[in-house]
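Here's a quick briefing to read with the structure open.

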Amino acid sequence: MSMAKDRGSLFSFHCFCYIIIILSICSIILSLSWSHCCSQCHNSPYQVIVQKQNQPINLLSYPFAWNHLMFSSEPPSKFLKIALFVKKWPQKSHAGGLERHALTLHLALAKRGHDLHIFTTSTDSSFSNYSINNIHFHFSKPTPAGYLDQALVWEQFQAQNSTSKPFDIVHTESVGLRYTRSRYVTNLAVTWHGIAYETFHSDIIQELLRTPQEPQTKALTERAVKVVEEVKFFPNYAHHVATSDHAGDILKRVYMIPEERVHIILNGVDQHIFRPNVSKGKDFKKRHGIPDSKSLLIGLAGRLVKDKGHPLMFEALKQIIEENSTFQESSMVVVAGDGPWGARYTDLGANMLVLGPLEQAELASFYNAIDVFVNPTLRAQGLDHTLLEAMLTGKPVMATRLASIIGSVIVGNEMGYTFAPTVSALKKAIYELWVSGREVLDKKGHVALQRGVQLFTATKMVYAYERLFLCLSSVTHEEHFCEYQP
């Protein structure tokens, strides 16, 4: 009886050992699989392309930003007749991100030989005089809300489309052409500079930052309704261009747009204007009386309004200045832009320099003068041009930890800093860059410049859009514009 019991115990022990060995083997296999998987996950789009360099890529199903690809700078083999719908055509540099995108992209396309027809609102056509014969403006009176009159612009469009040469491609910046008309156009691409689902994050941040004295808004509830509306009407646009990797993912997963109809093309800025130039930076500091004794120059630029995070930045700077006299003595904050928070920044003392809005050439000198650029935006949508401009001038950047920013721009701490949208987190990030020192900031600026040149130049953006338009206009696909050979 005792022997049987011992045998049973021995058998149980052997079983236990076998189970431990099997689990150990499984654990090793899973670890190796996970390591292999992780190495694949961290591959860049370029590395993925290199691994498949003998295989042509179908551009319509390419999952990454087209900015990673190298398109020819030679004149295209085919010139397109392009229709653009944009709410407002900018006057020089006085424009928001959407208008600047429209201006930079379509002027470049016209210079490459394409025939541009721009349908936009205007009360003053004096700014439409370009020395390019292939740009044609079709102006219309805006609606009381400032939008394009859809019936009127559609009539203008049809008149041009019914000529001997119809439009090869139709491009609308956001809802310049509304879905009630876009559903009738198959050769159409819409560029989204912000979608309602992204803005959820902004609404949450604003609610968390709301003071007890401020009334609670219905933004979150209203946003949910807006998202549902967009999910319903977005399929009425044939093709969608996302300006950030995050927005592209949302369009595919949440808005359920088929992958072959979603294309990611990151924003780009003029690399001939925004580029490193030490002498311009020195001249800028001399013109504006910035003393050489300041060891750290922090730059802010853009619209100085609440949703761009300036109340947050103001409070963080105020607390740092009050608690750290050394920071005040050794640092200076230079602000370029306009808005109500400009005047409030001046209240923080002599180490605040508020310059107002700057033209692009002077803005480039501003970037060259500063040591680091900070964008405290609370708007979780689109891809802010100021970050790209600063990177192309070789400056490290610091911005709010929003999905579009950390997914496409500041993808690692080797090129800058990110922070949660709270005063304490922003203060910590400012202190971190303050103690980093010039050598560290210069290294981060160099990495930022490399990424900027790789992805965020106007040239990269223009070539990507041109190839997309050629692809979508090629009905038979015999010209292979939709095929990319690495």
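**The sheet and one serine**

Strands E10 (residues 331-338) and E11 (residues 352-356) run parallel and are joined by four bridges. Keep in mind that this is a predicted model.

**The whole sheet**
- Zooming out, you get an open sheet of six strands, paired parallel, in the order E11-E10-E9-E12-E13-E14.
- E11 and strand E14 (416-419) sit at the edges with a single partner strand each, so one side of each has no neighbour in the sheet.
- From one strand to the next, the twist averages 20°.
- Helix H13 (residues 360-369) packs on the sheet, where H13 touches strand E9 (296-303), E10 and strand E12 (372-375).
- The direction of H13 makes about 150° with that of E9.

**Serine 473**
- You'll find serine 473 in helix H18 (residues 458-473).
- Is serine 473 buried or exposed? Its relative accessible area is 10%, and under 20% counts as buried, so serine 473 is buried.
- Leaving aside neighbours within four places in sequence, serine 473 is in contact with Lys78, Leu80 and Asp168.

Terms used. Residues numbered from 1 in each chain as written. Predicted model: local features only at pLDDT ≥ 70, side-chain atom pairs only at ≥ 80, totals over all residues. Heavy atoms only, no water. Pairing = 2+ DSSP bridges. Helix = DSSP H or I, 4+ residues; strand = E, 2+ residues; numbered from the N terminus. Axes fitted to C-alpha atoms, helices over the stretch in contact; angles between N-to-C directions. Contact = heavy atoms within 4.5 Å. Buried < 20%, exposed > 50% of the residue type's maximum accessible area, 1.4 Å probe, protein only.
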